[in-house]
Amino acid sequence: MPDNNLQLDESGKLRHFLSIEGLNQEILTEILDTAESFTSVTDRTIKKVPILRGKTVANLFFEASTRTRSTFELAEQRLSADILSLNVTTSATVKGESLLDTLQNLEAMQIDMFVIRHQDSGSAYFFAQHVRPGVSVLNAGDGQHEHPTQAMLDMYTIRHHKKEFGNLRVAIVGDILHSRVARSQIHALNLLNTAEVRIIAPRTLLPIDAESLGVSVYEDLEAGLKDVDVVIMLRLQRERMRGALLPSEKEYFRKYGLSQERLERARPDAIVMHPGPANRGVEIESSVMDGNQSVILQQVSFGISVRMAVMSMIVGQSGLQTGTEA
Amino acid sequence: MPDNNLQLDESGKLRHFLSIEGLNQEILTEILDTAESFTSVTDRTIKKVPILRGKTVANLFFEASTRTRSTFELAEQRLSADILSLNVTTSATVKGESLLDTLQNLEAMQIDMFVIRHQDSGSAYFFAQHVRPGVSVLNAGDGQHEHPTQAMLDMYTIRHHKKEFGNLRVAIVGDILHSRVARSQIHALNLLNTAEVRIIAPRTLLPIDAESLGVSVYEDLEAGLKDVDVVIMLRLQRERMRGALLPSEKEYFRKYGLSQERLERARPDAIVMHPGPANRGVEIESSVMDGNQSVILQQVSFGISVRMAVMSMIVGQSGLQTGTEA
Amino acid sequence: MPDNNLQLDESGKLRHFLSIEGLNQEILTEILDTAESFTSVTDRTIKKVPILRGKTVANLFFEASTRTRSTFELAEQRLSADILSLNVTTSATVKGESLLDTLQNLEAMQIDMFVIRHQDSGSAYFFAQHVRPGVSVLNAGDGQHEHPTQAMLDMYTIRHHKKEFGNLRVAIVGDILHSRVARSQIHALNLLNTAEVRIIAPRTLLPIDAESLGVSVYEDLEAGLKDVDVVIMLRLQRERMRGALLPSEKEYFRKYGLSQERLERARPDAIVMHPGPANRGVEIESSVMDGNQSVILQQVSFGISVRMAVMSMIVGQSGLQTGTEA
């Protein structure tokens, strides 16, 4: 599926943002650096820059979302964009239009950038293949494929706390098999030369090609957490229970839930992350989630800066230009 | 229903935009000319003008809509308006308020302009009759009565491709009887002195007073398409099938669907239009819709400029003022 | 529940706006004066000031609302805020997050101000207790507790027409027991030293501690209306009928409905108010609602100015600063 030329133009600049797979270390580092310049913006009293002034961004969420959608909308407002938010589950396709018809009709409204979340893997690529030159597509989660802005805000959070990736051990725990977040994280951590990436999951939630992803595989949580610098817990989709892939929530917590006691296997300065929304008491104990190693709420904050960064780079601005405000 | 004085003020300027019926050639031409000045705006990098800055527009959609609602919202944003969008189906009248109470309460919020789509014919007129002086109403579709901004974007598209109306033959094909779009188009084409307006439909979907509309009536599609310059296909409301007015979709396509072969009856440079969303394979063949005579997506684009034009004229600005941007 | 220090900072400035109870006459008067400066803003052609420019306001409506939500959104737009409106009934908590998790995640998005309506009494206080320093909470109605911005727009309306509170007799009629509006109004009228506050209701809709509220209690409408300057009718929640607290709508109107005839018991220049949406023919006769003593639609208009005032005071601006516009 990944087609590098689709995401990058001839000179290697970002044109769409569809997947971490197919990008390179330079682009990822540029995103992190650009986001850093916006973090100071969001801390100032006035949080607005005119980078997308007069541009229109359409948010197409075919799947419900609060966190991702809200942070995208705030990022767009802070970049001074015009915004068209469509709750597509209930509106756009009601009259039976195909996805391509929906895309083309919106494109005819002179949309400059599409943010799309869709239940089908590959949908963001499909959009990017069909938009006109000059129009960009950002993947806000496509099926079980990728969720690249989530992975980049996770990388930002890790770099913020740990500075360098080269010496880090990072563990990703939970339903790796179905997680677009995990898939994007693994690619990003590898591109950034993380020393060791571990995935920890029951056998039924491990991808078949796990080893080929360039990771170490653990079925035992306590062994896998040993001496790691970063613990990333994944959300347990409760529907997996019904799918017979898992016994019960209680049993899951007993074997794969992150408790304070288990966290002590990791390094004393290890940070705990979660893409949210977390199931307290299922994949993570409340006291860990609210504890002083948790950086879960920071992830949300950084999500705005990272999304501002990606959108800015796409319109050709790397980092915050000093100058007049919108 | 049409009351000219309601739409035009004493000096003939546009006050509300409720129906094409009751307007005149000068106003229609002014709308097209003003829209043309905005088309260049929407092509520029920065797509914003301050014409509605500090004004508030309320979008009241009592019927679902993606295309019309989105293009109105984008037009309002590009004019720098404050925007209040209410999904009235689910909110405003839940507590049992009447339409007039809803109107008066919103008006008390110092709304400057109402955009209303409602299932009842005459609802936009009802609103216009009850708002205070200085408040304007735009009809975004009222029952089976009119959809005047749609007709004007269609006129814009025709003029864009054909320059003059005086020598044109235009065919409107489909469910004329129930179509507010067709009704508005017929009035507009006549006011602009189109040489010949044809309506093509099965007898059950023809209005009883068809001849009195100043059009030629055809029940045979191929005869009706002969030598026309413009073909406007209407959306087939599938609920008509259940109403026994029509046999089946397949049968409808066989008799009234626009195929490539049939399109050859028209002039070689004929353009094909559709207000959308189209039923591919029912009223129009996919290859025609995507073919090089189709201008269907252009209609959507022009819809933004036309809606900007109408709103600008209502606040007293004809055409784009050069000057500072919002 | 009221904790003065939560609403006011050390120097007595407004920090949150949660309940009228716990505030003082100075703050209430400052709100009214500040709102007055915004009323002229909303009458001007350009209705925008930059007081909240670069600030983000999140509107969290856990209960449906058109009037309150729309006037808050318009107030925010006129103050040039960035706005995040979440229909929380359908989105934020779908994945099972607690209210506190929802709050903390939104707060991590650098929200400066929360406007919250929630079915639980005390929810706004709960939010205010948990937000970080510098983040403010406005109560847009919490259970049966308070609805303080509604009360302040009512006070504004009364002062606009009657100038002083010291000589006024004000009657509040209807379901006092369950009404957060009435509770806030009673506190506000008392803080502003209203000469006499009367509550008029059937015994089943009177609070048990009615006398302790500093009001006169009437079960007979006609006696209670005698010589009052202001009549405030409350909305009758139809669900009370099912709860056996009330006989029938017809019977309710016969005993507690405000008719033109009954209104004559009040002073000839008495004004009639209602927070909306009104049930015509249940608690109020249509002719009274639309009559020349009714100021019901003015209440809606003033609601925007009052909400602008509260938000401005919270960010440290009392009244409209002359200067550049947004």
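1. Let's start with the buried residues of helix H6 of chain C: C:Pro148, C:Thr149, C:Gln150, C:Ala151, C:Met152, C:Leu153, C:Asp154, C:Met155, C:Tyr156, C:Thr157 and C:Ile158. A residue is called buried if 20 or more other C-beta atoms lie within 10 Å of its own, exposed if 12 or fewer, and partly exposed in between, with C-beta atoms placed from the backbone. Because 11 of its 15 residues are buried, H6(C) is largely enclosed by the rest of the structure. The helix runs over residues 148–162 and reaches 21 Å from its first C-alpha to its last, close to the 21 Å expected at 1.5 Å a residue; that expected span is 1.5 Å times one less than the number of residues. Just after H6(C), C:Lys163 takes a positive phi of about 65°.

2. A word on reading the model. It is predicted: local features need pLDDT of at least 70 and side-chain atom pairs count only at pLDDT 80 or more, while totals for chains, interfaces and linings use all residues. Residues are numbered from 1 along each chain as its sequence is written, and chains are lettered from A and ligands numbered from 1 in the order in which they are written.

3. Now for chain A as a whole. It holds 13 helices and 9 strands, which are DSSP runs numbered from the N terminus (helices H or I, at least four residues; strands E, at least two). Of its 326 residues, 53% count as buried. Among contacts in chain A between residues at least 6 apart in sequence, 77% join residues at least 24 apart; contact here means C-beta atoms, placed from the backbone, within 7 Å.

4. How is chain A divided into domains? Domain 1 covers 4–145 + 303–314 and domain 2 covers 148–300, with bounds from an automatic or database domain assignment. Taken over C-alpha atoms, the centres of the two domains of chain A are 26 Å apart. Where they meet, 26 residues of domain 1 of chain A are in contact with 19 residues of domain 2 of chain A. On the domain 1 side, the elements giving two or more residues are helix H2 (25–43), helix H3 (67–78), strand S4 (136–142) and helix H13 (296–314) of chain A.

5. Helix H13 is worth a look in chain B too, where B:Ile304 has its place in residues 296–314. With 29 C-beta neighbours inside 10 Å, B:Ile304 counts as buried. B:Ile304 and B:Leu153 are 151 residues apart in sequence, yet 8.5 Å apart in space, C-alpha to C-alpha.

6. In chain B, the buried residues of helix H4 include B:Asp101, B:Leu103 and B:Glu107. The buried residues of H4(B) pack against strand S1 (56–61) and helix H5 (123–130) of chain B, together with helix H3 (67–78) and helix H13 (296–314) of chain C.

Technical notes: Two residues are in contact if their C-beta atoms, placed from the backbone, lie within 7 Å.
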